Amino acid sequence: MATPNTPLSGGGGPFPQGRGRAGRALRGIARPYRSSHGVGRFMLVTGTVLVVLMVLTAVFAPLLAPFGFAQVSGDDGQRFATHLEPGGDHLFGTTTQGFDVFSRVVWGARTAVTVVLLALMFSLFIGVLLGLLAGFVGRWVDRVLVMIMDALFALPALLLAIVVAFLLSEYVGGGASTAALAITAVYVPQYFRVVRAATVSAKEQTYVEAARAMGAKPVTIMVRYLLTNVIQSVPVIATLNAADAILTLAGLGFLGYGIQPTEAAEWGYDLQRAVADTGAGIWWTGLFPGLAIVLLVMGLTLMGEGLNETMNPAIRVRRLLPVSMPELTSRTSAPDAAGAGTGRERGAAGERPEQETSKDGDAS
Amino acid sequence: MPTKPEPSTAVESDARPTLMDIRDLRVHYELRGSALARLLGGGGATVKAVDGVNLALRRGEVLGLVGESGSGKTTLGRALLGLVPATAGHITYGGQDLAELNQRQLRPMRRRLQMVFQDPHAALNPSMDISTAVAHPLRIHGLVGSRAEGRARAAEAIERVGLVPAEQFLDKLPVELSGGQKQRAVIARAIICGPELLVADEPISMLDMSVRAKILELMLELRADLDLTYVYITHDLATAKFFCDRVAIMYMGRIVEIGPTDEIFADPKHPYTQALLRAVPDPDPERQVPRDLPRGEIADAAAPPHGCSFHPRCPYAFEPCGWEARDLRAMFERRWTELGEEVWERESALVGELDEIEGYQEQVRLKVGDRAPELVSLLDEARAHDPDEPLWRGVESIDSDDGTVTVRFRAGVDPALGPAGNIDVACHLHNPELRPK
């Protein structure tokens, strides 16, 4: 999953040359950044920068925020003045209740990132698992699951989230996990559909039959042969869904079904409280949480669209990487990796990455 | 009624013990009819992909399954491994009947029965590196304790199939290998568990010419070293001649001829085999052999011809081959193609109902009213035009009464595999009871 934690080579930085699993994973993450160009690259890089900033804010919230999210008095026991304008001790001012807006925004980032990560993990797990099952097993399992997922799809996202949040709030409480589960219910059908469709086509591949011929159990086939090949399109959806999830979370908070104000700072809730302030000319209580939502959603959307641009084979335009031919003299004096084939059949291995990319670029 | 082919009666002269015995194996596929037909239980037609195959695989031999596309050779190969369920019949291997085992019971057997696929580019999981892929059968069957041990065994197998040095390939992904290298990796994966039987489904047809012979040589080497038995599925007679000890020629789900490779190539018995051999391109431009290739196309598998499946295309077909109404239509179509539009317009008005003939009918009744004598004379004319047309040998009588012309055909007999020298052949021409004197 190309989640926010991918600042590795934002702008076509050094290409990790490592071998083996770790090296391959790094290369996989870096590939969209290397092979994108033009607008796609701009979106990808801008989005990644925004998202990384937000994630850093979330991670270092205790260091960044001068006060707690529910703190209404300073260390000296003195209550904060309400409706303080931005500046001085309170960078973004204070609210009607006397909260420090800057601290609420910073802690809100932590809430948003936590909830969205949790929701993504849950919905990825459930959606991918069920999608694999439905696609691989087929028959009635498939039909029943598709019917359930279509039913979920038919409900408006926010309404579904509200219902789930409402139902869960009795058992789980009004914390981050409830909000995450409510959002999960909204996004599971998307992963289910994508993974199921990919599984249905992948299971007809020869390598799946080869796995059966080897004697692999259905579970082994699903995990080792199908899963790795069907989750290719998931990062794009996951990133775009994350943006959507932020909005759903804020919507829940705004309507009062989300995280309770005593549990954590939440931008949607803050916005809702700020509605009354706008009439009184108090702009700062609404502007900053709103801006935070806009930045994070924009970052995730840009990142998702950028990823889509580079990874979706239907619209991908690959960058033509320059092919550097080695000097004639150096070639004769120092045989490179390409020359050390198999002895029987010369492998196309040594000079592959540049060549393949450029070839694809020509073709498209 | 068609008679079922009897099990092979030829003396199996070879002393090698039998590895796998296939008796009357059938693999049928139900074609999906319309939703209504399925509701009413009528369903669609049945395609008999494999229709009563008898075969004894001997240990250590290379058996070639040769046939056109759609002859059922691939389905037969997969059925031997239990990859497609048998509809009926028995596959006896190691004291067990594979046709009766379910997938769970088959899984442990898969160590000994392996497969090499046609398309090496698709046969390897694109997201699994070579060492993991090759060692995976070992891990599936619990034959190695650790990942490192599996990797070592994979390296061994990879070197065994000629990917040297193994270190260069172990960590590669399939996309980084050429077609020949991938096929070697597939073979390495197939032999790593020490199988007895390897079904190779056109293993070289997707490879470059330059590597084909090397892959076949490799497979022969492996057979000698590892005591393997091959079932080699191909449509390429040249490689079958080079590679196989015995060849089974398949046509429409049945084995029509089986015997030692040399003898089949030197003296093919079945008209279909003869036609196949004539169809092999000859690189010598001086030797322009007249090639009377089988006419028409391979028949519809959902409605195979009556009697011998090959009789509509066979130049030597005679009385008992299974003549039926459809053949009359085919005869007229050929005639009209030959004689042109004018004849077609004139005659098709007379015999127009032929389009409705489907399935097996041993007689065809043409209602033509007072033009019956005209039609009878047309049939006579067609016969006189092309007296060598095998169809006429199968026509028993042409009667006309009361405005209806009835063409009766002789009863057809299903040819069974019977001995003709060292070869078993399913053709009435070689059946001493039916053979024309």
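Biologist: How many bridges join S11(B) to strand S13 of chain B, and do they run parallel or antiparallel?
Modeller: There are five bridges between S11(B) and S13, residues 404-409 of chain B, and the two strands run antiparallel. This is a predicted model.

Biologist: Which residue stands opposite B:Val364?
Modeller: That is B:Val407, in S13(B).

Biologist: Which side chains of S11 in chain B are buried?
Modeller: B:Val364 and B:Leu366 are, and they point to one face of the strand, which covers residues 363-367.

Biologist: How many bridges join S12(B) to S13(B)?
Modeller: Six, and these strands also run antiparallel. In this pair, B:Asp399 stands opposite B:Thr406 of S13(B).

Biologist: Changing topic. How many residues are in the largest nonpolar core?
Modeller: The core has 204 residues, and A:Ile183, A:Ile246 and B:Ile158 have the most contacts inside it. Helix H4 of chain A, residues 101-137, gives the largest share of this core, with 18 residues.

Biologist: What is B:Ile158 in contact with, leaving aside its neighbours within four places in sequence?
Modeller: Its partners are B:Ile130, B:Val134, B:Leu163, B:Ala166, B:Phe169, B:Ala185 and B:Ala188.

Biologist: Where do the two chains touch?
Modeller: In chain A, 24 residues are in contact with 32 residues of chain B. On the chain A side, helix H8 (206-214) and helix H9 (218-230) are the elements that give two or more residues. H8(A) has the largest share of that side, seven residues.

Biologist: Which residues of chain A does UniProt list as "transmembrane region"?
Modeller: The unreviewed UniProt entry lists several stretches, among them 42-65 and 234-260. In the model, residues 42-65 of chain A are 92% helix and 0% strand, with end C-alpha atoms 31 Å apart. Residues 234-260 of chain A are 81% helix and 0% strand, and there the end C-alpha atoms are 31 Å apart.

Biologist: Back to chain B. How many helices and strands are in it?
Modeller: Chain B has 16 helices and 15 strands. Of its 437 residues, 42% are buried.

Biologist: What is the mean pLDDT of chain B?
Modeller: It is 79, and 89% of the residues in chain B reach 70 or more. For the model, ipTM is 0.76 and pTM is 0.73.

Biologist: Where in chain B is confidence lowest, and where highest?
Modeller: Confidence is lowest in helix H1 of chain B, residues 35-39, with a mean of 60, and highest in strand S8 of chain B, residues 229-234, at 90.

Biologist: Over which residues of chain B does pLDDT stay under 50?
Modeller: Over residues 1-13, for which the model has 25 contacts beyond four places in sequence. Where pLDDT is low, predicted coordinates should not be read in detail.

Methods. Residues are numbered from 1 along each chain as its sequence is written. Chains are lettered from A and ligands numbered from 1 in the order in which they are written. This is a predicted model: local features need pLDDT of at least 70, side-chain atom pairs count only at pLDDT 80 or more; totals for chains, interfaces and linings use all residues. A residue is buried if 20 or more other C-beta atoms lie within 10 Å of its own, exposed if 12 or fewer, and partly exposed in between; C-beta atoms are placed from the backbone. Helices (H or I, at least four residues) and strands (E, at least two) are DSSP runs, numbered from the N terminus. Two strands pair if DSSP finds at least two bridges between them. A nonpolar core is a set of buried Ala, Val, Leu, Ile, Met, Phe, Trp, Tyr and Cys residues joined through C-beta atoms within 7 Å. Two residues are in contact if their C-beta atoms, placed from the backbone, lie within 7 Å. pLDDT is the predictor's confidence in each residue, from 0 to 100. UniProt positions are given in the numbering used here, feature names are shortened, and annotations may be inferred rather than shown by experiment.
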